[in-house]
Every structure is written in structure tokens, then in C-alpha cells.
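Let's look at a protein together, one question at a time. Take a moment to turn the model around before reading on.

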Amino acid sequence: MCGEVKNTDDTTYTTNGKTVLIESEFTQPANANGSISTGIDNRAVSATTKRPLSIRRQRQLMPRPGQGQVRLTLGAVGLSPLGVQAVGTVDAVGKEAVGFAAGDRVALRVPGTRAAFPQIASERDLIGIPKDVSFDHAAGLLPAGLIARTIVKQLHAIGRGNRVRIFADHSGADRFVAAWVRHLGATVLTDQDEALASDVIVTREDFITARRWRAGHGLAQLAAADVFQLIREGAFAGLDVAIHPLTEATRLQDDIEQRRTAGPIVLMPGDVTLAA
């Protein structure tokens, strides 16, 4: 991805040899959290074709990471009722940022509910993505996967032979819990199994608690590693993750907010492939 900041606020993506400018009405340097809007938040968005800048000029216009920070290039943005999950590649590192290096693939939660991608982030907010996990899987499956892990491994200790009844959750995370439970060799009881006794019940309160759960950086990386392992093993293969171009962010975000879909939805810039 090629980045340009006009008045420190605009960003560009190269597609089919042309640079497409996504321009917002911000007058301050990006957003307060260092992120660049992807054309949402009810602000005017226009796409125009510009002559590509040289690589040297593009790098001169990019913000520089500060102490303990890294600069990122966009890989994908995941949208769901659980929030926004951004993934990308480390482009440069600032002083005392020793946990990641240029070329590392990372994920981070973006504050708020509107699609955005931070060019500058604290390395403590990042989760490393293995090379064999694709950007779309990381963006689409990690948020609900972490909720499922918290419920299956921390709020409960579910294993082979358990009979588990799972209440529905508006975020759609109940589908991920069910997939994890089945992968462990336990049985998920459905409405048709009312006569059968359950030895584990995943309640609506469990989902609320799991969403509030916040682990420190090291523990978050360990939890994510469990999710990535289940992705590798195909535990979530039956779950639909809709993939759309980044330009459809506004419409798709409205669909999630109006609960026309539970997601997850992955937004991909035109110059990024789905390959891991």
C-alpha cells in the first residue's frame, strides 16, 4: 500500500497502477488516536485519481513512529458488533520499540465502532500474526475467536464429553463458541435437545463478561495464539466471513449497527491479496 498524507489527513491506495485518494474533511493530523478514517463517520468522502508520487516522496510524507511506536501499512479491517479489528504490516519502528520489526504482520483493536486504520500504534497494543494466517482470517476471526476462548477456557473448562448449552448472543460470538466446543469433542445441545441434561451452560452473562475481559499484552498474545491454532485446524471453517472492498465501509458498517448482519465482515484495500 502506498500512503500519502495531505494536510496530514489524506491517505492513498494504489490499484491497477493508479493512486486512489480517499479524502476526509479532517483538519487535524489524522484522528486523535493516530488513525486515518476510511471514509466514514458521516464525513464527505471522494475518490479521485492522482498521479502516483515517487516512493521517496511517499515516505517523506508518512508520519514517523515515536518512542515505543511502530508505523503500519494496511492489510485489512474487520467489522463486527464486537468492534473494529485492523491488521497490517509493520513498516517502520521507533526508538525502544523492540517487540516488532519491519515486515512483521500484526493485528490491533481500533477504538470505537467506525472503520479506521492507524498508521502509528504503540507496540504494546499489537498482536503478532503468524505467516500462515491470512489477513482476512486475522481480521475476521480473531475478535470473536478471543471471546470464544475466554468462555471455553477461562470462564468454563470445557472438554471432550461435555454437553454444552449455548445461549444466543447478538454479536454472533455464540457461533464461535459452538465451533470451538465441537472442535474439542464436546456436544452442543440445540433446541431439539431440550430433554437432554447439560453439564455446562454458556449464558448471556458469560458473553458480557468475556467482552469486558482485557488481558495484558503477553497474555493477549498467548490467547491469540490459541485462536490462530484453531484457524489452522479448520475449527471455524464453517463460519461465513464476508469479504468486501474497503470502499463499501459505510454501507456495511450501517448494516452491522442496524443489526441487519452480525458479521464478521472484512474490508480489503484493492492492492492487498487474501494470501497469507
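**Helices, rings and burial**

The axes of helix 2 (residues 135–155) and helix 4 (residues 204–212) come within 9 Å and cross at roughly 110 degrees. Axes here are lines fitted to C-alpha atoms, for helices over the stretch in contact, with angles running from 0 to 180 degrees between N-to-C directions. This is a predicted model, where local features need pLDDT of at least 70 and side-chain atom pairs count only at pLDDT 80 or more, while totals for chains, interfaces and linings use all residues. Residues are numbered from 1 along each chain as its sequence is written, and side-chain values use heavy atoms, leaving out hydrogens and water.

Q: Is helix 2 roughly parallel or roughly perpendicular to helix 4?
A: Angles under 35 degrees count as roughly parallel, over 145 as roughly antiparallel, 65 to 115 as roughly perpendicular and the rest as oblique. The two axes cross at roughly 110 degrees, so helix 2 to helix 4 is roughly perpendicular.

Q: Which residues of helix 4 make the contact with helix 2?
A: Contact means heavy atoms within 4.5 Å. From helix 2, the contact uses I147, T150, I151 and L155. Helix 4 brings D206, F207, T209, A210 and R211.

Q: How many helices and strands does the protein have?
A: Both are DSSP runs numbered from the N terminus: helices are H or I with at least four residues, strands E with at least two. The secondary structure comes to six helices and 15 strands.

Q: What kind of aromatic pair do F176 and F236 form?
A: Rings of Phe, Tyr and Trp (its six-membered ring) pair if their centres lie within 6.5 Å; planes under 30 degrees apart count as stacked, over 60 as edge-to-face and the rest as tilted. By this rule there are two aromatic pairs. For F176 and F236, the centres are 5.3 Å apart and the planes 50 degrees apart, making the pair tilted.

Q: How many residues apart in sequence are the parts that this pair ties together?
A: F176 lies in helix 3 (residues 173–183). F236 is in the loop between helix 5 (217–232) and strand 14 (242–245), so the parts tied together are apart in sequence by 60 residues.

Q: Is F236 buried or exposed?
A: Buried means under 20% relative accessible area, exposed over 50%, and partly exposed in between (1.4 Å probe, protein chains only). The relative accessibility of F236 is 4%, so F236 counts as buried.
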